[in-house]
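The sequence and the structure come first.

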Amino acid sequence: MVQSRNGGRGKQARSAEGSSPDKIQQLQAFAADAATTLSTNQGLRIADNHNSLKAGPRGPTLMEDFILREKLTHFGHERIPERVVNARGSGAHGHFQVYRSLSEYTTADFLNDPETRTPVFVRFSTAAGAQGSADTVRDVRGFAVKFYTREGNYDLVGNNIPVFYIQDAIKFPDLMHAMKPQPHHEMPQAATAHDTFWDFASLMPETTHMLMWTMSDRALPRSYRMMEGFGVHTFRLVNGRGESNLVKFHWKPKLGVHGLAWDEAQKIAGKDPDFHRRDLWDAIEAGHFPEWELGMQIVPEHHAADYGFDLLDATKLIPEELVPVQRVGKLVLDRNPDNFFAETEQVAFHPGHLVPGIDFTADPLLQGRLFSYGDAQAWRLGGANFHELPINRSLAAVHNFQRGGRHRLQIDRGPVAYEPHSIGQGTEFRVDGGPQGFQSFEEPLESPKLRRRSPAFDDHFTQATLFWNSMGAAEKDHIVHAFRYELSKVMLPAVRRRMVDNLAHVDPRLAMKVAAGLGLDAPDPKAAAGQAGFRDVRHASTLEESMALNMVAREGAGIGTRRIAVLAADGVDGVSLRPLLQALGAAGAECRIVAPRLGTVATASGRRLEVQATLIGMPSVMFDAVLVAGGKDSAEALAKMGDAVHFVLEAYRHGKPVCAVGDGAALLRLLDIAPGTDAQALAKSHPGVVLGTDLQPEGLEQTVLAFVQAVARHRHWDRPAADAVPA
Ligand code: HDE
């Protein structure tokens, strides 16, 4: 598929057509030779790529060195403007296939034919940070999918959070200016924890629902492969009878939805700023292709007003308990890009890239996006011809009379560049009035022209409260801590105060807890209600809580691709370790032997075990779980090393499963586990900690079973004394 978009290769093959066999052979030999010879951009072979042209061996460089000048000029122009938002991203190729025909709802060809595999390119991103910023910052993640369908490109440009900060596109530049580094000193990078963001947020109560999400663990995904995606806006599906249903799009990850601890995310940002990029790349290289199911919440038009909020308001979601998500197809990412710049950087998404059978609604946030993306691409990619870049090319033929512009690649022939015409041969492109031609849904519109929002948009708190109520104790705790952290970085006391007063409208206990952490007195909801833009409106909510919003209470999705650190040193007990590694590997986990140094460690029985990482090079934050191997000498050596003890304590503090086999328990000394504690008592005092005391085969089997269960839960946030651990 990509080859067909790679104009170069196709062209060479065509130009050889009609030539004699000799000539073709000559050309092929020349091309093969040229492929191994350095040349200038004009195809001139370069004789020396280490020395510029000088006046004598010690003399100045000559102006005439066109080879040097071409090389430096090209280098100097390598960068293009980064995306003004979502600059930091990672992409991958893959395909999408629908499970059954959705012709009942839409004429979109790629959603009608279960036999069709539609190629896709997906780009994940953070929103606020610059291109070189860290992956694990607290932020919403972009989840943009380009489907190369037979009917043209369809882009679903979504996020990993189902709602947005604002309701109307006209506030987007204000939002992003408040969120981005402050213009006078360009700080802080990729973070909302600063005055201008919270000043804006506290004055714009419509941000509250999204703030609840971004202060939750949803904003700290463990991996792109383990996060949901959402189209956010309400879109429209149109079927062959011209009937419209409203739809919210979802992506449901096969590996479940998992987050990082905030302290861990911050540490990863220093230890491996490319954490998510590397994770995606490595998984695809290893053949562990990430998968998501496409979900749809479909609402017939006549039920649009049934839910107590406006479906055109992008700060609201439809609880899955009210409208279940139908899983309609599967997305698989199975190929890394060949070149980051040519593909991940130059890919141009646009919510206005539609196919017949899918259409917009009048969501005022979406409407603004329809203008903004095309304009941004033309600026960023240097003109109106960005659709000709290989990664953006449609598989469906492109025929029109748009001409010229910067960097035009297509050579348009003949005198005709208008329609209708009677003189061009083979260029009589007609409009397609049939079902394959794009028809906008004929939505009746008749209304006065005004700058106003519907009062149906006024309730900013009901769903924020629903989100809060749906969280478990640990998730609530994380949200409180996130608000405290962010607001503690705000220098202006009035902004802190205002924000806490606003939170009292979400939940008084939430506001009290945040206030306590900031040394503020009891929040005053009335003070917030006095702010401009604040409307104290609450629509009746039919739901107290929505378990679909809760990340932790979900079914485990196995331990596939979970990374487990196996701590070992010389003297490690290889006999008990081997069956554990085998069983964990069979369950899909990736175990790595982590030791004080690279090379090998000697087992107690005199064998050598290859070391895959060092305690310093791959610290605990790079792993999902820790297994401390048995063996007296190994355990004693590790227990004397601060790095090894810290490794275990830090993993414990971050809620990660920890398993210690035999003497390896020495590394858990500082966790205060009383000797002889049985498994049941341990599960209460130290959830997710497994002690493998019985080294007989059956005992090891029990240990591995318990550990696999602990890893499948991902994190054990309910550890009573985790905060007391010095790590
Ligand atoms: Fe975007 N957004 N956005 N956005 N957005 C861009 O496009 C914009 C919004 C989203 O991987 C820009 O090429 C406006 C919502 C993603 O390349 C820009 C508004 C959602 C990406 C732009 C929004 C998104 C972008 C930056 C309010 C979730 C990265 C340069 C009306 C549904 C796509 C560019 C990629 C990127 C504008 C709001 C998602 C400037 C005006 C809501 C995933 O055009």
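In the class counts used here, Ala, Val, Leu, Ile, Met, Phe, Trp, Tyr, Cys and Pro are nonpolar, Asp, Glu, Lys and Arg are charged, and the others, Gly among them, are polar. By these classes, the shell around the ligand has 12 nonpolar, 8 polar and 4 charged residues. The model is predicted: local features need pLDDT of at least 70, side-chain atom pairs count only at pLDDT 80 or more, and totals for chains, interfaces and linings use all residues. Residues are numbered from 1 along each chain as its sequence is written, and side-chain values use heavy atoms, with hydrogens and water left out.

**Ligand site**

- The ligand is surrounded by 24 residues, where a residue counts as near if one of its heavy atoms lies within 4 Å.
- The closest of these residues are Arg 83, Arg 123, Arg 369, Tyr 373 and Gln 377.
- Arg 83 has a polar side-chain atom 2.7 Å from an oxygen atom of the ligand, and Gln 377 has one 3.0 Å from an oxygen atom of the ligand; a polar contact is a pair of N or O atoms within 3.5 Å.
- For Tyr 373, a polar side-chain atom lies 2.6 Å from a nitrogen atom of the ligand.
- Strand E3 (141-149), strand E4 (152-159) and helix H11 (364-380) are the elements that give two or more residues to the shell around the ligand; helices (H or I, at least four residues) and strands (E, at least two) are DSSP runs, numbered from the N terminus.
- H11 gives the most to this shell, with 7 residues.

**Aromatic pairs**

- The structure holds 22 aromatic pairs, counted for rings of Phe, Tyr and Trp (its six-membered ring) with centres within 6.5 Å; planes under 30 degrees apart are stacked, over 60 edge-to-face and the rest tilted.
- Phe 96 and Phe 110 form an edge-to-face pair, 6.0 Å centre to centre with 65° between the planes.
- This pair links distant parts of the chain, 14 residues apart: Phe 96 is in strand E1 (residues 89-98) and Phe 110 in the loop between E1 and strand E2 (118-126).
- Both Phe 96 and Phe 110 are buried, that is, under 20% relative accessible area, with exposed meaning over 50% and partly exposed in between (1.4 Å probe, protein chains only).
- The rings of Phe 147 and Tyr 154 are stacked, because their centres are 5.5 Å apart and their planes are at 25°.
- Phe 147 counts as buried because its relative accessibility is 1%, and Tyr 154 does so at 2%.
- One aromatic cluster is formed by Phe 96, Phe 110, Phe 124, Phe 143, Phe 147, Tyr 154, Tyr 224, Trp 251 and Trp 292.

Definitions and conventions. Polar contact = N/O pair within 3.5 Å; in protein donor to acceptor, adjacent residues only side chain to side chain.
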